[in-house]
Amino acid sequence: MVSSVFEDDLGSFDDTQWLLFDINNGSLRDYNTIKSQNLVEPGKGFLLIVNKSDIVVDGGSGSSSNVSTFSQLQLDAGWTLIGNPFDFDIPLNNLSVNGEIPEAWYLSNSGWQNNPTHLKKWEGLAIRTTNAAVLNIIPAEGEGTIISVADQFNEDNWGIQLI
């Protein structure tokens with residue numbers, strides 16, 4: 001449920017501290033409407049606004065999307081919030097609807113901005129389509145990056161250390 005994913009990290013819902021929204025069939029739905037629903041799944045995006053810094057929201061136990069098979073998301077007509085479940089940015093040129101780069105917006109400190117260059121790691125975008133459509137995604141380009149041993153264990157990268 002939405003409440004079990006967000007309330008353990010953000011505390012009980014308090015609209016002076018945090019707000020959460022999703023979009024369904026072009027309509028923005030607030031936290032009270034969606035809190036008891038099973039909506040948290042790979043590729044699904046939410047709009048989260050918090051009144052604190054350094055908030056970390058974890059999804060708890062679950063599964064990750066396999067990069068090699070993560071290639072499509074079904075979009076409803078109108079606005080759909082999508083999220084990037086990977087620890088790397090996806091260039092906007094790697095997203096397409098009917099062969100075209102979709103209309104995409106992101107929320108910055110200055111408000112809603114259009115024309116992002118990337119779907120940033122662990123962030124999301126609002127995508128607009130006129131009709132229900134399929135968003136085609138190429139998550140990565142080329143061979144990937146080589147990470148030095150010293151960088152393997154910083155906050156941006158996954159790693160394992162056996163002692």
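Mentor: Rings of Phe, Tyr and Trp, the last taken by its six-membered ring, pair if their centres lie within 6.5 Å. The model discussed here is predicted.

Trainee: Is the pair of F13 and W18 stacked or edge-to-face?

Mentor: The ring centres of F13 and W18 are 5.0 Å apart, and their planes stand at 85°. Planes over 60 degrees apart fall in one class, and the pair is therefore edge-to-face.

Trainee: Which parts of the chain does the pair of F13 and Y31 link?

Mentor: F13 and Y31 are stacked, at 4.8 Å centre to centre and with 25° between the planes. The two residues are 18 apart and belong to distant parts of the chain. These parts are the loop between α1 (2–10) and β1 (18–24) for F13, and helix α2 (residues 31–34) for Y31.

Trainee: Which residues form one aromatic cluster with F13?

Mentor: F13 is partly exposed, with a relative accessible area of 28%. W18 counts as buried at 1% relative accessibility, and Y31 is likewise buried at 1%. The residues that form one aromatic cluster with F13 are W18 and Y31.

Trainee: What is the accessible area of the nonpolar patch that includes V57?

Mentor: V57 is found in the loop between β3 (47–50) and β4 (72–75). Its relative accessibility is 32%, so V57 counts as partly exposed. With L48, V50 and I55, V57 forms a nonpolar surface patch whose accessible area together is about 240 Å².

Key
Residues are numbered from 1 along each chain as its sequence is written. This is a predicted model: local features need pLDDT of at least 70, side-chain atom pairs count only at pLDDT 80 or more; totals for chains, interfaces and linings use all residues. Side-chain values use heavy atoms; hydrogens and water are left out. Patches are made of residues with over 30% relative accessible area and no salt bridge: like charges are joined within 9 Å, nonpolar side chains (Val, Leu, Ile, Met, Phe, Trp, Tyr) within 5 Å. Accessible areas come from the Shrake-Rupley method with a 1.4 Å probe; for residues, only the protein chains shown count as cover. A salt bridge is a side-chain nitrogen of Lys or Arg within 4 Å of a carboxyl oxygen of Asp or Glu. Helices (H or I, at least four residues) and strands (E, at least two) are DSSP runs, numbered from the N terminus. Buried means under 20% relative accessible area, exposed over 50%, partly exposed in between (1.4 Å probe, protein chains only). Rings of Phe, Tyr and Trp (its six-membered ring) pair if their centres lie within 6.5 Å; planes under 30 degrees apart count as stacked, over 60 as edge-to-face and the rest as tilted.
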